[in-house]
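Dear colleague,

I am passing on the structure below, together with an account of what was found in it.

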Amino acid sequence: MTSNNNFIKFMLDVKDKNILFSDDYFYKFIKGKKAKVFNAELIQPACPHCGSVDIKHNGHYISNIRYITANASQPVIIRLSKQRVLCNDCGERSMAKSDLINKYCCISNISKRKIISALTEDRSMTSIAREHNVSVNTVQRVLASCSHNFHSDWDSLPKHLAFDEFRGVGRKLHFICIDGEKHKVIKIIQNRFKKSILKYFGKYSPQARESVETVTMDLNCYYPDAVRACFPNAKVVIDRFHMIQMLNRSFNSLRVSVMRQLDRTSRQYKLLKGYWKLYLMRYDKLEKTKPKYQWRIKDSLTQEQIVNEGLDVDDNGVLRNTYEAMQNFSQAMQKHDVQAIKEIIYSKNIVGKQMHTTLLTFKRNYRGVINGIDLEYSNGCLEGLNRKIKQIERTAFGCRNFVNLLKRIHLEEN
Ligand SMILES: [Zn+2]
């Protein structure tokens, strides 16, 4: 042991008693970088097989360990000589081991831990690799090594599930299923075909599948079929926000088509074009008493007056009917008024073409729609998750590898 041993160990935060640093440290150029190299010996005080101290030294195995460093442009390398010993009592050969590093590996375990913690952040693999002086492949390998923690339990499923899809690798849509209460990802499937969904949930035990009570989803045509096939006791719940979104879109499409028939300089055109946000606002939240000067149409009007005048542009009343369908639906939804919803869906009023389709879709998925209004579950949590996934993809410059994307989503979650 040398005088600097304790100091170097303190600096590098190495705690293993069996590692002894020597005074022999120097700089060396490795791949264009000036690296600090420390020499150390890992001793084997006793035989690991029988515990005997009567051992004979039998050379060293030298490994160059990449260690963590605060300054990424100056890598720290520990040249560790691992003692090999031959036991005089049991005759077994052995090599010294340490927590610092795994056998036959040249990246310290502490570096790996730091890489994992960096992977949970929103960073690209290249930047992580650069900071820890390892290759991108190593980062990927570390990521792969912690993926076994994500294995799922085939005997239990949460009571409330949420289905959705997101655009990921190669602009393809992926299926995602999460726990509706704890908001943890349960599964991401590379495609969103019914076959793959059935195949995945088919792996669960029947008891687990029977325990699912609700599945929240968008109005995707085949998800309800998949749910019926997989979860015998589950109720299909159509996501509330998705329904509102569909209604708003239907109204907007009609508004735009009415607008297109008008002269671009006319007051009516401006009423429909410039104030589109007001139509999507709830009617009872519109300003009704204080008129304000509206620079677009050079007139003083309240918000309510703008909306009413705008809706009257269409002489047939179709625009107004469509508007009312949208407004009444969201109001009924707020009050959980099932009867009112029924009246809107089965109403005979003439509405815009897209609104008609939307209401028809609601009619077809009537139970799911009613459940969506009755029960408190929604896909709101999924939206947050989708944003997170987009963020991961953006920093990873569009994850090219689906598996890596998956693992990082899982890692970032835990
Ligand atoms: Zn022995």
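Among contacts in the protein between residues at least 6 apart in sequence, what percentage join residues at least 24 apart? The share is 58%, where a contact means heavy atoms within 4.5 Å.

Before the details, some conventions. This is a predicted model, in which local features need pLDDT of at least 70 and side-chain atom pairs count only at pLDDT 80 or more, whereas totals for chains, interfaces and linings use all residues. Residues are numbered from 1 along each chain as its sequence is written, and side-chain values use heavy atoms, with hydrogens and water left out.

The secondary structure comes to 17 helices and 13 strands, these being DSSP runs numbered from the N terminus (helices H or I, at least four residues; strands E, at least two). Of the 414 residues, 45% count as buried; the term means under 20% relative accessible area, with exposed meaning over 50% and partly exposed lying in between (1.4 Å probe, protein chains only).

The zinc site

The zinc ion is coordinated at 2.3 Å by the SG atoms of Cys 47, Cys 50, Cys 87 and Cys 90, donors being N, O and S atoms within 2.8 Å of the metal (3.2 Å for Na, K and Ca), and since water is not among the atoms, sites may look incomplete. The angles among the four donor atoms run from 104 to 115°, and the site is tetrahedral, a label that four donors receive if all angles lie between 85 and 135 degrees. Along the chain the donors follow the spacing C-x2-C-x36-C-x2-C. Cys 50 lies in the loop between β3 (33-42) and β4 (55-67), and Cys 90 in the loop between β5 (76-87) and β6 (93-95), so this pair ties together parts that are 40 residues apart in sequence. Cys 50 is partly exposed at 42% relative accessibility, and Cys 90 is partly exposed at 36%.

Two helices with a buried face

In helix α1 (residues 5-12), the buried residues are Asn 5, Ile 8, Lys 9 and Leu 12. Seen down the axis of α1, they fall within an arc of 100°, so they line one face of the helix; the arc is that of the directions from the helix axis to the C-beta atoms. What covers them includes β1 (19-21), β3, β4 and β5, while Asn 6, Phe 7, Phe 10 and Met 11 are exposed on the other side of α1. Just after α1, Asp 13 takes a positive phi of about 60°.

Helix α13 (residues 338-345) has Ala 340, Ile 341, Ile 344 and Ile 345 buried. Seen down the axis of α13, its buried residues fall within an arc of 135°, so they too line one face of their helix. They pack against α12 (318-334), α14 (353-364) and α15 (366-374), whereas Gln 339 and Glu 343 are exposed on the other side of α13.

The five-stranded sheet

An open sheet with mixed pairing has the strand order β9-β8-β7-β10-β11, where two strands pair if DSSP finds at least two bridges between them. At the edges stand β9 (185-189) and β11 (235-238), each with a single partner strand, so one side of each is left without a neighbour in the sheet. Strand β10 (residues 214-217) pairs with β11 in the parallel sense over four bridges, and Met 217 has Ile 238 in β11 as its bridge partner. Asp 179 lies in strand β8 (residues 173-179) and is buried, with a relative accessible area of 8%.

Notes
Four donors count as tetrahedral if all angles lie between 85 and 135 degrees; four count as square planar and six as octahedral if opposite donors are over 155 degrees apart and all others between 65 and 115; anything else is irregular.
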